Amino acid sequence: MKFNKICVIGLGYIGLPTASMFAASGVKVVGVDVNQEIVNTLANGGLHIHEPGLKNMVDQAFSSGNLFVSVHPEEADAFIIAVPTPFYDNKKADMRFVKSATESILPYLRKGNLVVLESTSPPQTTNELVKPILEKTGLIAGNDFLLGYSPERVLPGQILRELVENARVIGGITPLSAESGRDLYRAFVKGEIILTDTTTAEMVKLMENTYRDVNIAIANEFSRLADRFGVNVWDAIGIANLHPRVKILNPGPGVGGHCISVDPWFFVEAAPDLAQLIAMARRVNDAQPEFVVGLAERILGSFSGKKIAVLGLSYKPDVDDLRESPAIETVHLLERSGAKVKSYEPYKPNGYPPINTQPNLDLALAGADLILILVGHAQFKNLDIEHIKSISSARIILDTVNILTAEWENAGFTVYTLGDGQQWAN
Ligand code: SAJ
């Protein structure tokens, strides 16, 4: 099947790179977002997302004359839905964006069209949520139009490369739908394209991220056990991983982002009686900020009157995304425990209002009693130790991401690392 014009609905971390990639591959693309500000920013040559290489890719797409942006869809050969699927406070899937994006297609859906849902969704969403909405047009999915599900699996920070190179799974409600999806994505996907049914494809996506969340949870639980037994968890993991079939991940302050910390809950919601290990892993990871606060309290003796300089608020190194960030949860817990916290997030130079962020590192460090490193940004791996000594009274560091070298100890700092097993004096 040939696709001359497509609509990509949702111009976020995934939709915008995907739209740009199709446009750069010669397909006419209408990029759609309900947020007029985003559409205006893009139309005026701006960019609302920090992703290496994306600005150049979007500029190329516009200059090729193949990319247009709008707040509403148009008739097209294919529609890709790439909108967020967050969760409510009760951890239930919030499918409002998927519903409204699907509804927005109805006036433009025609016989022979292909619709692909990309958003990470609970199992059976394509068949039980998207299909009935689209069939309100009177057109029958699988007969009059084709319907599929194809999740992205790119790593923020490496999106453009992984969009092309990663293997891609495409589920169709009929074999022809899946094959048509393959024709569509072959425009730029160089990785293997595997065809299956929609529910299998939905489940594959959730399994990938749930597998990662469970494995991070065991690493975090190992950090607490190591702390209890006076073992350095980082040494122990390094030795254990010499085993040919062991790959223990890195402990840290918790799990953030809008994927790994969210997707496993879709399984728990869909089958709470079965997804018990999955739910427990989520609770272990969500409790890691409390473990970090407990370590800080043991180091300081008490939080009362103490000033803590927090380095890093994003959910993982070298990204500007703070969604579900465990660093932010840690700051809230510290403040509720009575500590005075000043934070510095290099990717948020204009601050992050709910948190007392400082415009630069020096201001965050001034007058601190403890330096708390919560994100392993590359910038924090190359700090000028002598400069830090000159601008901050702090000589104690709690490194929750194991990025500091022995140089800091040699320069007179006392460095505690999460899970290092040091029996800490108060
Ligand atoms: N983390 C740890 N220890 C580790 C690895 C990660 O504590 O050893 C933490 C990170 O700091 C972060 C969180 O887990 O807070 C998630 O980080 P991540 O890099 O594992 O995941 P994402 O959310 O950036 O990207 C994941 C990827 N999925 C997998 O690796 C299976 C990516 O391929 C997906 O496309 C993406 O989720 C998504 O969009 O679903």
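**Ground rules.** I work on a predicted model, in which local features need pLDDT of at least 70 and side-chain atom pairs count only at pLDDT 80 or more, while totals for chains, interfaces and linings use all residues. I number residues from 1 along each chain as its sequence is written, and side-chain values use heavy atoms, with hydrogens and water left out.

**Ligand site.** I looked up which residues surround the ligand and found 19, the closest being Arg-153, Val-154, Asn-209, Arg-212 and Tyr-315; a residue is near if one of its heavy atoms lies within 4 Å. By class I noted nine nonpolar, four polar and six charged residues in this shell, where Ala, Val, Leu, Ile, Met, Phe, Trp, Tyr, Cys and Pro count as nonpolar, Asp, Glu, Lys and Arg as charged, and the others, Gly among them, as polar.

For Arg-212, a side-chain N or O atom is 2.3 Å from an oxygen atom of the ligand; for Asn-209 the distance from a polar side-chain atom to a ligand oxygen is 2.7 Å, and for Lys-316 it is 2.8 Å. The ligand taken alone exposes 760 Å², of which the protein buries 86% (Shrake-Rupley areas, 1.4 Å probe).

**Eight-stranded sheet.** I traced an open sheet with mixed pairing in the order E3-E2-E1-E4-E5-E6-E7-E8; strands are DSSP runs of E, at least two residues, helices are runs of H or I, at least four, both numbered from the N terminus, and two strands pair if DSSP finds at least two bridges between them. Strands E3 (67-70) and E8 (193-197) stand at the edges with a single partner strand each, so one side of each has no neighbour in the sheet. The twist averages 25° from one strand to the next, with axes fitted to C-alpha atoms, for helices over the stretch in contact, and angles from 0 to 180 degrees between N-to-C directions.

E1 (residues 5-9) and E2 (residues 28-32) run parallel, joined by five bridges, and Lys-5 has Lys-28 as its bridge partner in E2. Helix H4 (residues 96-105) packs on this sheet, touching E1, E4 (78-81) and E5 (114-117), and its direction makes about 165° with that of E4 (contact: heavy atoms within 4.5 Å).

**Five-stranded sheet.** Here I found an open sheet with parallel pairing, ordered E10-E9-E11-E12-E13. Three bridges join E11 (residues 370-373) to E12 (residues 396-399), and Ile-373 stands opposite Asp-399 in E12.

Methods: Polar contact = N/O pair within 3.5 Å; in protein donor to acceptor, adjacent residues only side chain to side chain.
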